[in-house]
Amino acid sequence: MKKIAIYGFGRIGRQLLRIGLDRNLFVPSAVADVKDLKTLTALFSVDTNYGHWKGKAASNNNGFVLNDHEIAYVDSAAGVPDWESLNVDLVVDCSGRATKREGAQAHLDKGAKYVLVSAPSKSLADCDAVLLKGINLDHFDAEKHHIVSMGSCTTNALAAPIKVIREAFGIEYGLFSTVHSYTNSQSLTDQPMKDRRDSWAAAENIIPSSSGAAKALQFIWNDLKVTGKAYRVPTRTGSIAELNLITTKPCTVEEVNDAFRKASAEGELHGVLDVLEDEWSSARIVGDTHSAIMDLPLTIKQGDLLSIASWYDNEWGFSNRLAEVTQFIASKI
């Protein structure tokens, strides 16, 4: 397999590495971040949401020692590392700063061959392709796609049910609202922030927010007329998106739920989409590897309006897809 590096060792970067190792998907040759190695090792070893890593985590003068794997650590405080000297082929950018082309291009300029961005690009011009497992990953073209965006956790949570509904019943238009756990872009206490709504304590408020998922979904389906918004809530992880649609063809609740059941059991979305037949809360889906977990009892029809609900562990489910797409791209380049 080609050499892989993780750039940015925050919440997603750390889960990506756990999953890559635990599922034997890949072992990166390097991890780059701006924080000190001992603290990063400790954060990798014990995670507030997912507990102790089952392996042995340590560090030495060169980097991480994770079980039998030695993974170089690169201090990127001075900028993007010299990937060419490290023989890195694919950089998975988990910094959140590669949503514009210049941010991702910096890795290519430093010698990497490909960049996988773990965030939604600002526009189609800011990446070469938006590719999601189960949706359109087979469109990857190693000759053309050197900067690939995987969208966001919400993008993946919505794309799977949208694919099912589009193919079975068609979509005229729709609106979504995602109820999402708070993130590092918010503040723990009341203080002025760039986004005014983020100025109030994340763990004490329901905070309306924007969502880049609508734009990312239109990068995949340019005729899709679906938009929406987000609400950040005081949970550590575990989110749900409600999608309200007008379908092209008539459908019943049972027909819709049967379509989800079938998609979860076979085909491209097997392992990406799952279904819940009983009533649950967000605790049920924390640590779930699926991108979209359809709550079938919440499927509702009112006249022509269809309402569906997709749970997702915004860290773990997305990081599993990110690890799988990392392995896929590395195997194709």
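Predicted model: local features only at pLDDT ≥ 70, side-chain atom pairs only at ≥ 80, totals over all residues.
**First stop: helix 1 and helix 2**

Select residues 11–22, which form helix 1, together with residues 37–45, which form helix 2. The two helices pack at an angle of about 60°, and their axes are 10 Å apart. Helix 1 is therefore oblique to helix 2. The crossing of this pair is right-handed. To view the contact, display the side chains of Arg-14, Leu-17, Arg-18 and Leu-21 on helix 1, and those of Leu-40, Leu-43, Phe-44 and Ser-45 on helix 2. By class, the residues of this contact comprise five nonpolar, one polar and two charged.

**Second stop: helix 3**

Proceed to residues 101–109, helix 3, and colour Gly-103, Ala-104, His-107 and Leu-108, which are buried. When helix 3 is viewed down its axis, these buried residues fall within an arc of 150°, so they line one face of the helix. Turn to the other side of helix 3 to find Glu-102 and Asp-109, both exposed.

What covers the buried residues of helix 3? Elements to select here include strand 1 (4–7), strand 8 (90–93), strand 9 (114–117) and strand 11 (147–149).

Select Val-117, a residue of strand 9. Is Val-117 buried or exposed? Its relative accessibility is 1%; because buried means under 20%, Val-117 counts as buried.

Leaving aside residues up to four places away in sequence, Val-117 touches Asp-93, Ala-98, Ala-104, Ile-147, Val-148, Ser-149 and Met-150. One of these, Ala-104, is among the buried residues of helix 3 seen at the previous stop. A distance may also be drawn from Val-117 to Gly-96: the C-alpha atoms lie 8.1 Å apart in space, while the two residues are 21 residues apart in sequence.

**Last stop: helix 4 and helix 6**

Finally, select residues 153–168, helix 4, and residues 253–265, helix 6. Their axes come within 10 Å and cross at roughly 120°. Helix 4 is therefore oblique to helix 6, and the crossing is right-handed.

Which residues meet here? From helix 4, display Pro-161, Val-164 and Ile-165; from helix 6, display Val-256, Ala-259, Phe-260 and Ala-263. The residues of this contact divide into seven nonpolar, no polar and no charged. For the contact of helix 1 with helix 2, by comparison, the division was five nonpolar, one polar and two charged.

Key: Residues numbered from 1 in each chain as written. Heavy atoms only, no water. Axes fitted to C-alpha atoms, helices over the stretch in contact; angles between N-to-C directions. Helix = DSSP H or I, 4+ residues; strand = E, 2+ residues; numbered from the N terminus. Parallel < 35°, antiparallel > 145°, perpendicular 65-115°, else oblique. Left-handed = near helix turned anticlockwise from the far one by under 90°. Contact = heavy atoms within 4.5 Å. Nonpolar A, V, L, I, M, F, W, Y, C, P; charged D, E, K, R; others polar. Buried < 20%, exposed > 50% of the residue type's maximum accessible area, 1.4 Å probe, protein only. Arc of directions from axis to C-beta.
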